[in-house]
Amino acid sequence: MLRLYTYFRSSAAYRVRIALALKGLAYESVPVHLLRGGGEQHQQGYHAVNPAALVPALQDGPHTLTQSLAIMEYLDEAYPATAALLPPDALGRARVRALALAVACDIHPLNNLRVLRYLNHPLEQPEEVRNTWARHWMGLGLAAMEQELARSPHTGLCCHGDAPTLADCCLIPQAFNARRFSLDLAAWPTVQRIVAHCEALEPFAAAHPARQPDAE
Ligand SMILES: N[C@@H](CCC(=O)N[C@@H](CS)C(=O)NCC(=O)O)C(=O)O
């Protein structure tokens, strides 16, 4: 049995929820509320699951996995009978990983909850500065992704070809975050087109924050 420690609005958990849905894998959701009572991710019980105090974490039987990209690649390798999240060729896999990492390493960490909170306290930056920071780093990263997606013949209905890959698992949650910070995706038409296409697919819709058992 797969068990996912998740928070409805966490974009890193959202990535894994999409991957699980694309692969048709059933799982139990264990919500970890990132805000309530100072954040359940900081409680000892959760530290035993993930010492980094971050979601997601995935348990597969006795094994606990962390880091959304490592989890998604594990699912792809451990459950090969269902939809592949990486292309069959080495160059294709490198491109998909590069797009996924552009989100997971270059965009998302600068806008994570604990980073934005640190701007508020102890750095004492007002809400407005914090939001400008978030929009700046998201915009810079999405602009770079737009250029890569628009120029490559490998871009299809999805980031790489017409079937969803790890890159789409990362891009769609990041687009959700961008909208939360009032960034208009129209500035990046290829990104916007791919996001619209994927969001209309049932596995992506099922993984959406609003459809989660802990949604508020
Ligand atoms: N690199 C990690 C990032 C995980 C991460 O940053 N998760 C966020 C939610 S999207 C979190 O748990 N934040 C809690 C906090 O900032 O205290 C991954 O891809 O799994």
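The paragraphs below look at the ligand, its surroundings and some backbone features.

A word on the model before we set off: it is predicted, local features need pLDDT of at least 70, side-chain atom pairs count only at pLDDT 80 or more, and totals for chains, interfaces and linings use all residues. Residues are numbered from 1 along each chain as its sequence is written, and side-chain values use heavy atoms, with hydrogens and water left out.

Start with the ligand, which sits in the largest pocket. On a 1 Å grid over the protein atoms alone, a pocket is an open set of points where a 1.4 Å probe fits, with protein on both sides within 12 Å along at least five of seven lines; a molecule sits in a pocket if more than half of its atoms lie within 2 Å of its grid points.

Around the ligand there are 16 residues, of which Gln 41, Val 55, Gln 67, Ser 68 and Asn 112 come nearest (a residue is near if one of its heavy atoms lies within 4 Å). The shell is made up of six nonpolar, eight polar and two charged residues; here Ala, Val, Leu, Ile, Met, Phe, Trp, Tyr, Cys and Pro count as nonpolar, Asp, Glu, Lys and Arg as charged, and the others, Gly among them, as polar. Both domain 1 (2-83) and domain 2 (90-204) provide at least three residues of the shell, with domain bounds taken from an automatic or database domain assignment. Among the helices (DSSP runs of H or I, at least four residues, numbered from the N terminus), α1 (11-22) gives the most, with three residues.

Now look at the polar contacts, pairs of N or O atoms within 3.5 Å. A polar side-chain atom of Ser 68 lies 2.6 Å from a ligand oxygen, and one of Asn 112 lies 2.8 Å from a ligand oxygen.

Finally, turn to the backbone. Most peptide bonds are trans, and most residues other than glycine have a negative phi. Val 55 and Pro 56, however, are joined by a cis peptide bond, with omega about 10°. Ala 53 has a positive phi of about 60°.

How values were computed:
Polar contact = N/O pair within 3.5 Å; in protein donor to acceptor, adjacent residues only side chain to side chain. 1 Å grid on protein atoms, 1.4 Å probe; cavity = no way out; pocket = protein on both sides within 12 Å on 5 of 7 lines; lining within 4 Å. Helix = DSSP H or I, 4+ residues; strand = E, 2+ residues; numbered from the N terminus.
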